[in-house]
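Morning, everyone. I'll take one model today and walk through helices, cores and pockets. Here it is.

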Amino acid sequence: MIKIVYTGEMDPRLCKNVLGETIPALAERDPDVIYLDADLMSCIGTGKWAKAHPDRAVNCGIAEANMVGVACGLASAGFKPIVHTFGPFASRRCYDQAFLSGGYAKNDVTIIGTDPGVTATMNGGTHMPFEDVALYRALPGATVIDVTDPTLLVSVLGQCVNRPGVKFIRVGRKQYAKVYEEGSELPIGRAVTLREGTDIAIFAAGIMVHEAMQAAKSLEAHGVSAAVIDMFTIKPLDEEAVETWATRCGAVVTAENHNKYGGLWSAVSEVLAKKRPVPADCVAVEDEFGEVGPQDYLQERFGLTAARIVEQAKAVLARKG
């Protein structure tokens, strides 16, 4: 059951603490679940549990490619590995191992990349993956999740350990706006309509769901009825939801904390091109690298804001005629 409780307020839970509780809980429930980390256990609160359970947790050190290779080897032996490191190291640094030892070899592994996109903040451009979604979308059979809030994180992580293939979960370590009531189960591959609308559909993922909801509120004040759809599963995309809302509204905007080349915008526009061509555009990172700064500055810097969504929605509606 899914219960939407969005008010614009932040969830009091930090996602790093949710990870620190959920990973051990999954391992305690299932003896096949095993956890691997690249010397970042302290960053998600799993260190104490890992020390007490050295048979269930492995610190592979700052050697992410090797860690994913080890995880895939464990998967081939029947284990259900959960791998964690920061976003850039969970994607571009170990991509060859995820692609070949994971996807190509048909080994089931869950890879968590924390602090993706602008949520990397002060770690700067080298730690700010905008390309991670594009990489994993290109991996045959992969599942790609952009987390909306702590409740969704718990739900999808529980599903991923038993889901075949390579699963990539991108999630910030800090606070998210509270969207779902605790205990809600959100099936992977199914979009969730957070707000009904008749003029334009806003498909959003990750931190941009909150921005999309705020944008819809602003648009309403200007007489525009905007639907907001949480597309937390970027692959496999809920194509039916895209086609339905494109038909219903006749105009689409996507909002994402990734590079638009290969991200949610690419996934949605591919569906529109095949099934329901309508005026559409995106709010996403352009052809740029990241940089150092606090998150609010970076969202302004890269245009990842409610105001930018409103601006883009109005431009798309003008084309709708």
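Start with α9. It has 14 residues and reaches 20 Å from its first C-alpha to its last, close to the 20 Å expected at 1.5 Å a residue. Expected span here is 1.5 Å times one less than the number of residues. Helices are DSSP runs of H or I with at least four residues, strands are E runs of at least two, and both are numbered from the N terminus.

Some ground rules. This is a predicted model: local features need pLDDT of at least 70, side-chain atom pairs count only at pLDDT 80 or more, and totals for chains, interfaces and linings use all residues. Residues are numbered from 1 along each chain as its sequence is written, and side-chain values use heavy atoms, with hydrogens and water left out.

Back to α9. Its buried residues include M208, V209, A212, M213 and A216. Buried means under 20% relative accessible area, with a 1.4 Å probe and protein chains only. Just after α9, G223 takes a positive phi of about 80°.

Now the cores. A nonpolar core is a set of buried Ala, Val, Leu, Ile, Met, Phe, Trp, Tyr and Cys residues joined through side-chain atoms within 4.5 Å. The largest has 67 residues, and I169 and I200 touch the most other members. α9 gives the most to this core, with seven residues. A second, separate core has 48 residues, among them M67 and F168.

What does I169 contact, leaving aside neighbours within four places in sequence? The list includes I111, I145, V147 and L157. Contact means heavy atoms within 4.5 Å.

Next, α11, residues 264-275. Its buried residues include W265, V268 and L272. The buried residues pack against α7, β8, β10, α10, β11 and β12.

Last, pockets. On a 1 Å grid over the protein atoms alone, a pocket is an open set of points where a 1.4 Å probe fits, with protein on both sides within 12 Å along at least five of seven lines; lining residues have an atom within 4 Å of a point. Volume is the space filled by probe spheres set on the points, which are joined across faces, edges and corners.

The largest pocket has a volume of about 260 Å³. It is lined by 18 residues, with M10, Q175, Y176, I207 and Q295 nearest its centre. α9 gives the most to that lining, with three residues.

The second largest pocket has a volume of about 170 Å³. Its lining includes R92, F130, E131 and D287.

Technical notes: Buried < 20%, exposed > 50% of the residue type's maximum accessible area, 1.4 Å probe, protein only.
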